[in-house]
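Let's take a friendly walk around a ligand and then stop at a few backbone details. Please have the model open as you read.

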Amino acid sequence: MKARHLAGVAGVAVLALGLAACGSSSSSPPATQSTAAPTGPVTITWSASPIAQVGIRAYLIKQFEAAYPNITVNLVSAPTNTDTNRSTLTTQISGGATSPDVFMGDVIWPAQFGAKGLALPLSDYLPASFFSGFAPGLVTGASYKGKVYGAPFFADQGFLYYRKDLLSKYNLPVPTTWEQLVTDSKTLQSKNAVKYGYVWQGASYEGLTCDWVEFLADAGGSVLNTAGTKASVDSPAALKALTFMRSLITSGVSPAGVTTFQEPQAMQAFDAGDAAFLRNWDYAYANANNPSDSKVVGKVGVAPMPTFAGQPTPGYSAVGGWNNYINPHSKNIGADLVFIKWLSGTDSQTILSTKYTEIPTLQSVRAAVATSSPNAVLKIVGQTKLIARPSFTPAYPQVSQSMYTNLNSALAGSVPPSSALATAASQINTALAGTGL
Ligand code: GLC
């Protein structure tokens with residue numbers, strides 16, 4: 001407790017120095033907003049979506065309030081769907097709302113939120129030393145035009161979960177290729193060991209874009225050209241990827257309902273024992289091993305994603321994750337900064353990774369859990385091959401929507417894959433043209 005208190009005081013001192021150093025910044029908030037760490041009692045609001053579907057947010061708040069007794073944090077529960085979450089916040093903040101003070105937001109938001117003034121540029125308020133401890137790539141990903149907008153909170157990566165009991169019973173290999181996953185699935189389905197082979201995220205939303213960039217990269221394709229100025233999804237590689245995704249459904253390896261599945265529905269099917277394989281983020285491991293949610297406790301293995309036959313293994317995992325951002329209209333910026341620093345600090349990062357299977361953003365905590373944790377996901381984080389979504393453009397929400405709406409129609413069989421890709425490419429180009437790129 002004493003150590004925590006001292007760490008807190010040191011943190012505030014660094015913060016004060018950082019603030020003094022940038023007091024003349026042109027984007028300093030108006031005088032009505034206090035940027036000093038509070039000395040009296042303050043209440044702030046934190047908008048955060050349910051993390052890993054368990055009581056993690058309340059637990060983190062309790063630990064923070066114990067370390068900083070003069071700051072009370074009221075939780076505002078945000079929608080689980082990242083798109084709905086984003087549109088609620090953009091409406092509120094662009095309308096000038098002072099609450100929430102702090103919001104947990106997706107790693108794909110910095111360009112849009114930075115370009116539109118919907119998040120405070122944290123690098124104007126926090127010293128460089130605050131940003132130097134994060135794992136490579138996270139701060140760059142949280143930046144737009146040279147300013148950092150998000151404090152890295154937890155990282156997500158796509159993983160393949162499998163029923164190790166069934167693979168071993170029927171003597172089947174853990175698939176490293178998509179083709180093998182189909183063969184394993186068909187065998188297990190023919191033995192009535194499971195209803196479905198593979199469940200994933202096929203609904204018309206951001207989660208489908210994540211699954212899509214993985215298949216697309218496995219097939220050798222990309223969303224945009226190298227310069228990031230034009231769509232490249234109308235390609236033979238993209239057609240291979242989308243045709244394969246549709247074939248998962250037509251062959252019965254994936255249920256037809258996968259076109260309505262977000263993460264929770266895919267996870268529920270797997271945790272109910274209905275599917276042999278699941279694509280999900282790191283946190284799914286904790287859920288699958290939680291007896292109150294899952295019938296497959298102790299029966300789940302995790303591996304890097306598969307790829308197409310003939311490609312180097314492993315396959316690609318989409319980069320996901322969440323940062324904490326500050327509402328530029330907040331009246332409590334000093335307290336907000338203390339809170340987001342704590343959320344990105346060692347105590348919070350250790351809780352997130354050891355109790356909840358989230359990938360820590362601090363390099364030091366990541367290294368510590370990789371060696372000490374018995375958690376199977378954290379052990380293989382370093383073995384994945386990552387692919388980022390092209391969220392460096394403020395038009396990313398439209399770029400992604402152009403993909404997931406058209407891909408979803410092709411998955412449902414309403415349009416052929418080739419037309420879906422042609423339409424997506426033309427819509428992406430319109431969205432990019434709107435940004436003047
Ligand atoms: C996870 C990822 C996030 C992604 C979302 C899609 O929450 O962390 O980056 O956008 O899933 O559903």
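Which polar backbone atom is 2.7 Å from an oxygen atom of the ligand? That backbone atom belongs to Gly321. The protein covers 93% of the 310 Å² of accessible area that the ligand has on its own (Shrake-Rupley method, 1.4 Å probe).

Before going further, note that this is a predicted model, in which local features need pLDDT of at least 70, side-chain atom pairs count only at pLDDT 80 or more, and totals for chains, interfaces and linings use all residues. Residues are numbered from 1 along each chain as its sequence is written, and side-chain values use heavy atoms, with hydrogens and water left out.

**Contacts with the ligand**

The table gives polar contacts, meaning pairs of N or O atoms within 3.5 Å.

| Residue | Part of the residue | Distance to a ligand oxygen |
|---|---|---|
| Asp106 | side chain | 2.6 Å |
| Glu263 | side chain | 2.6 Å |
| Gly321 | backbone | 2.7 Å |

**The shell**

The residues around the ligand (a heavy atom within 4 Å) include Thr82, Asp156, Tyr205, Trp281, Trp322 and Arg389. The shell divides into 3 nonpolar, 4 polar and 5 charged residues, with Trp and Tyr counted as nonpolar, Asp, Glu, Lys and Arg as charged, and Gly as polar.

Strand 10 (316–326) and helix 9 (206–218) each supply at least two shell residues; strand 10 gives the largest share, 3 residues. Helices (H or I, at least four residues) and strands (E, at least two) are DSSP runs numbered from the N terminus. Domain 1 (10–156 + 319–379) and domain 2 (157–318) each contribute at least three residues to the shell; their bounds come from an automatic or database domain assignment.

**Backbone details**

Most residues other than glycine have a negative phi, and most peptide bonds are trans. Here, the bond from Ser99 to Pro100 is cis, with omega near 0 degrees, and Pro100 lies in the loop between helix 3 (82–94) and strand 3 (102–106). Thr313 and Pro314 are also joined by a cis peptide bond, with omega about -5 degrees; Pro314 is in the loop between strand 9 (300–303) and strand 10. Lys145, not a glycine, has a positive phi of about 45 degrees, and lies in the loop between strand 4 (143–144) and strand 5 (147–148).

Definitions and conventions:
A polar contact is a pair of N or O atoms within 3.5 Å; within protein, one must be able to donate a hydrogen and the other to accept it, and residues adjacent in sequence count only if both atoms are side-chain atoms.
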